[in-house]
Amino acid sequence: MRLLFTLILIAQSLVAFSQTTASIGYSTLIGTWKVLSKIEIKKSDGQVIGQNQEVYKPDEKFFEFSQNSTVTISQEFGKHSEKLPVSMKGKNLYIGKIKKTKIPYLVRYDGKLLKLAKTEGKIKKGKTILETEEVILERK
């Protein structure tokens, strides 16, 4: 069951990012990025069972990646902010403390847009539930 679950996660990740247009390193991320939108999709047995999309107003939410491997996430037009460690291994971006079970964001850089996506799986009542999150950012 775990092998099947792992294969499903890998397949979805490959499909989602097979069209990467440019090689990316952490230095590409350094600077301020405004968050344009966030999409969350839940699937079970290949069927969408839930979907949520947030479109942010200009200057509502920002990610600021620094030289010292941290990101400051500012929300609600700067009223709230959180500084977290980040690390990047290949196309995998880890935000927050790295744990064995932490799912990284897969990074896709396309011109002025940065797309962060991750898929997590859970087994609930015997069914596998896949939750995919995609955050789209634009360089400020």
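Visitor: What makes the charged end of K89 count as sitting over the ring of Y94?

Guide: A charge sits over a ring if NZ of Lys or CZ of Arg is within 6 Å of the ring centre and within 35 degrees of the ring normal. The charged end of K89 is 5.7 Å from the centre of the Y94 ring. That distance is within 6 Å, so K89 sits over the ring of Y94.

Visitor: Where do these values come from?

Guide: This is a predicted model, in which local features need pLDDT of at least 70 and side-chain atom pairs count only at pLDDT 80 or more, while totals for chains, interfaces and linings use all residues. Residues are numbered from 1 along each chain as its sequence is written, and side-chain values use heavy atoms, leaving out hydrogens and water.

Visitor: How many helices and strands does the protein chain have?

Guide: The protein chain has two helices and nine strands. Helices (H or I, at least four residues) and strands (E, at least two) are DSSP runs, numbered from the N terminus. Along the sequence, the pattern reads α-α-β-β-β-β-β-β-β-β-β.

Visitor: Why is the pair of W33 and Y109 called edge-to-face?

Guide: The structure holds three aromatic pairs. In the pair of W33 and Y109, the ring centres are 6.2 Å apart and the planes stand at 85 degrees. Rings of Phe, Tyr and Trp (its six-membered ring) pair if their centres lie within 6.5 Å; planes under 30 degrees apart count as stacked, over 60 as edge-to-face and the rest as tilted. An angle of 85 degrees is over 60, so this pair is edge-to-face.

Visitor: What does the pair of W33 and Y109 tie together?

Guide: W33 lies in strand 1 (residues 31-44) and Y109 in strand 7 (residues 105-110). The pair therefore ties together parts that are 76 residues apart in sequence.

Visitor: Are W33 and Y109 buried or exposed?

Guide: Buried means under 20% relative accessible area, exposed over 50%, partly exposed in between (1.4 Å probe, protein chains only). W33 has 0% and Y109 has 18%. Both values are under 20%, so W33 and Y109 are buried.

Visitor: Why is the pair of F63 and F65 called tilted?

Guide: The planes of F63 and F65 are 50 degrees apart, with 6.2 Å from centre to centre. F63 is buried at 8%, and F65 is buried at 2%. Together with Y26, F63 and F65 form one aromatic cluster.

Visitor: Which residues touch the most other members of the largest nonpolar core?

Guide: A nonpolar core is a set of buried Ala, Val, Leu, Ile, Met, Phe, Trp, Tyr and Cys residues joined through side-chain atoms within 4.5 Å. The largest one here has 22 residues. L29, F63, F65, L93, L114 and L116 touch the most other members. In soluble globular proteins, nonpolar side chains tend to be buried together.

Visitor: What is F63 in contact with?

Guide: Contact means heavy atoms within 4.5 Å. Leaving aside neighbours within four places in sequence, the contacts of F63 include W33, V35, I73, I95 and L137.

Visitor: How do you know that V55 is exposed?

Guide: V55 has a relative accessible area of 62%. That is over 50%, so V55 is exposed. V55 is found in strand 2 (residues 47-55). Beyond four places in sequence, V55 is in contact with L36 and S37.

Visitor: What makes K38 and E40 a salt bridge?

Guide: A salt bridge is a side-chain nitrogen of Lys or Arg within 4 Å of a carboxyl oxygen of Asp or Glu. K38 and E40 meet at 3.7 Å, N to O. That is within 4 Å, so the pair is a salt bridge. K38 counts as buried at 19%, whereas E40 is partly exposed at 30%.

Visitor: How many salt bridges are found in the whole structure?

Guide: The search finds five. Among them, E120 and K118 meet at 3.7 Å, N to O. E120 is partly exposed at 33%, while K118 is buried at 18%. E131 bridges to K122, with the closest N and O atoms 3.5 Å apart. Shared partners also join K34, K112 and E138 into one network of salt bridges.
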